Amino acid sequence: MPPELGSDSIGIFEGRTFMLSNSVGDVPGDSIAGLVHDDTRYLSRWQLTLDGLVPLLLSATTVDAYSAAFFLANPELQGLRANRIGVRRERFVGDGMHERIAVQYFGTEPVRVRLRLDVGVDFADLFDIKRAGRSRLADIRRAHLSDGSALRFSYQNSRWSAGTTVEANPPADQVEGDALIWDVHLGRGDSWDCELRVLLNCQGADYQPARRTFGEAPDFDADDVASLWAANKPDLSADSELLRNVYHKSAADLLSMRIVKEINGDKVVLLAAGMPWFLTLFGRDTLITAYQSITCGPDVARGTLVTLAAHQGKAVDDFSDQEPGKILHEFRSGELTQLGIAPYGPCFGSADTTQLWLILLSEYWRWTGDDALVRQLRPNADAALRWIDEFGDRDGDGYVEYATRSPDGMRNQCWRDSPDGVQFADGRLPDLPVATCEIQGYTYDAKLRAAELADGPWADAPLARRLRGEAADLRERFNRDYWLPTRGGYYAIGLDAHKRPIDSMTSNMGHLLWSGIVPPDRAAAVARQLMSDAMFSGWGVRTLSTEDVGYNPIGYHLGTVWPHDNSIIAAGLARYGHRDAANRIAMAMLDAAAHFDYRLPEAFSGYDRSFGRRPVPYPTACNPQAWASGAPLLLLRSMLGLDVSDGHLGTDPHIPEALGSIRLTGVTVHGTRQTVDTSGSRLRSSA
């Protein structure tokens, strides 16, 4: 959250809309807070005062992901003691914002109070918000209604346009600049209410917020793809209240981050990456979240696959790092992107999304048996495989490397995408291009999975043989070039431009277990390193060993604990039979979630659990973030031992004693709804 708002700031979101404010519900001018929709800020100031003073805070909280409540009181005013007027703000977002302000008087003598709402609109692009970019204020037009019922703002730059309308009921008694002012007269016990609706116009399309009350679910159509996905997710019953709370919170957050798109006339649902700055399509985040959540139904995986395929790279473009067959990294919709100033329409700056797309395609097919879609996407899969060999492997050494060609590109194009996220054990940064270890693991898995599809719905046996041969060769070379026998044996995080091992010890080793590229005789050593005191904080596996020079418990990728990372590590440990270690991670994640209102944030600090009774927050973590919300779902899958083979759901429960019995009802496999019950019969199917 923006630090200038305070540690108790409030953020709410739904779909592509979010609102950040301070604890009294205000958005001060010159902050990075406000109402943002589809990468454009539609409110940059939203400040309520009583007789010119900010109300006192009693309490403020989010009620649902999309709503918040603020309870306030009057400060000491001329002729009126503090705490005589109660003020309640109820706020809801989604395609705009709806806010109710309720005032109630508890004094004895009649009073007159001037209530003022200062409104500011800057139509800033998301990237300008974060880096204090150019001002558009001189180009914003106003058409406020003199009767006080509405403030209207509009902006246009070439083919880009946006508009904000603030409707007030009752109308304000006075409009002063961009402020609405009401003169409120109150006797003892009197109440006064006002409804405010913030309507948006984006590129000529109008968006209006729905009127809601707390606890009221979004009003979806009966055939809405997002509501169908939510309705069809499995129901969890468990002895553990902690597990139930985390599961339901994760599911609710994922629904709130939904994006509904129309691809070739077909409406699909997929997930944005995270609140607040990443409520958009991200290749890596969206793909991994779809994999994590496939036990909740295949619709998100399907939507992710077809949407990313529709935007697959077609040409070589240095500005956006686009290459034929490559799957995108990030897609933005704001002014800077639409006018070609920023390279995000889309940006292709990641070296792992193409392999992850192939992995998800295989996983979707295993769970659904949807031969038709897999055949439909065969050209995209062929292009993805060509990208791996022709563009991903930049120098022909058999490894996928990355180095940006864009002037605005990222140094690191793996999941550790901060500038210093990949470094040597002594803290030096490697020369580019870099081939990180987990990308090679993803490549190995992607080729084996594509071979399975080639043997199946593609009916291409020669391709299957070729891909399996290439995967076997990659596995042999990888285990020769990336394995370091020092420090008890571990895998280097990558190879630098000079093919030297980058020798820091990182959590990426766990991704290698997930991909299956690790030989069985080395899996125990990897598991031992991951669960060592230097790597495991007690709350989860750190991104970097405490023994490395760059370790920092609050460094973004240099010692923090990432839930999505830990869910993949646990899945990898379980794959190699290290179920107790996987459960230790799962319990650490659940315990951590209990300290974050059952919602796992993007990351938290890597301080040892012995330092305190609760995990230390990471100061600017996205919360919620899709793949963090998806982490408990993958952890649950690992504990239950769920896997699909030849259309059959297999189970191998290994449940921590602290969780007791678990029953998951309605797991969809090949169109049937199945129940997993660890207390009695293990599996039951229904049509």
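This is a predicted model: local features need pLDDT of at least 70, side-chain atom pairs count only at pLDDT 80 or more; totals for chains, interfaces and linings use all residues.

**Helix H11.** I checked the length of H11, which runs over residues 461-481. At 1.5 Å a residue, its 21 residues should span 30 Å, and I found the end C-alpha atoms 30 Å apart, so the two agree. At the N-terminal end I found Asp-460 as the cap, with a side-chain oxygen 3.2 Å from the backbone nitrogen of Leu-463. Leu-463 is also one of the buried residues of H11, which include Leu-467, Leu-474, Arg-477 and Phe-478. I listed what the buried residues of H11 pack against: helices H9, H10, H12 and H13, and strands S22 and S23.

**Salt bridges.** I counted 50 in the structure.

Asp-183 pairs with Arg-112, the closest N and O atoms being 3.1 Å apart. Asp-183 sits in strand S15 and Arg-112 in strand S10, so this bridge ties together parts 71 residues apart in sequence. I noted Asp-183 as partly exposed at 24% relative accessibility, and Arg-112 as partly exposed at 46%.

Asp-118 and Arg-116 form a salt bridge at 3.0 Å, N to O. Here Asp-118 is buried, at 12% relative accessible area, while Arg-116 is partly exposed at 22%.

Asp-445 and Arg-449 meet at 3.1 Å, N to O. Both lie in helix H10, 4 residues apart, about one turn of the helix, and both are buried. I followed the shared partners from there and reached one network joining Glu-363, Arg-366, Asp-445, Arg-449, Glu-452, Arg-637 and Asp-643.

Key. Residues are numbered from 1 along each chain as its sequence is written. Side-chain values use heavy atoms; hydrogens and water are left out. Helices (H or I, at least four residues) and strands (E, at least two) are DSSP runs, numbered from the N terminus. The expected span of a helix is 1.5 Å times one less than its number of residues. Buried means under 20% relative accessible area, exposed over 50%, partly exposed in between (1.4 Å probe, protein chains only). Contact means heavy atoms within 4.5 Å. A polar contact is a pair of N or O atoms within 3.5 Å; within protein, one must be able to donate a hydrogen and the other to accept it, and residues adjacent in sequence count only if both atoms are side-chain atoms. A salt bridge is a side-chain nitrogen of Lys or Arg within 4 Å of a carboxyl oxygen of Asp or Glu.
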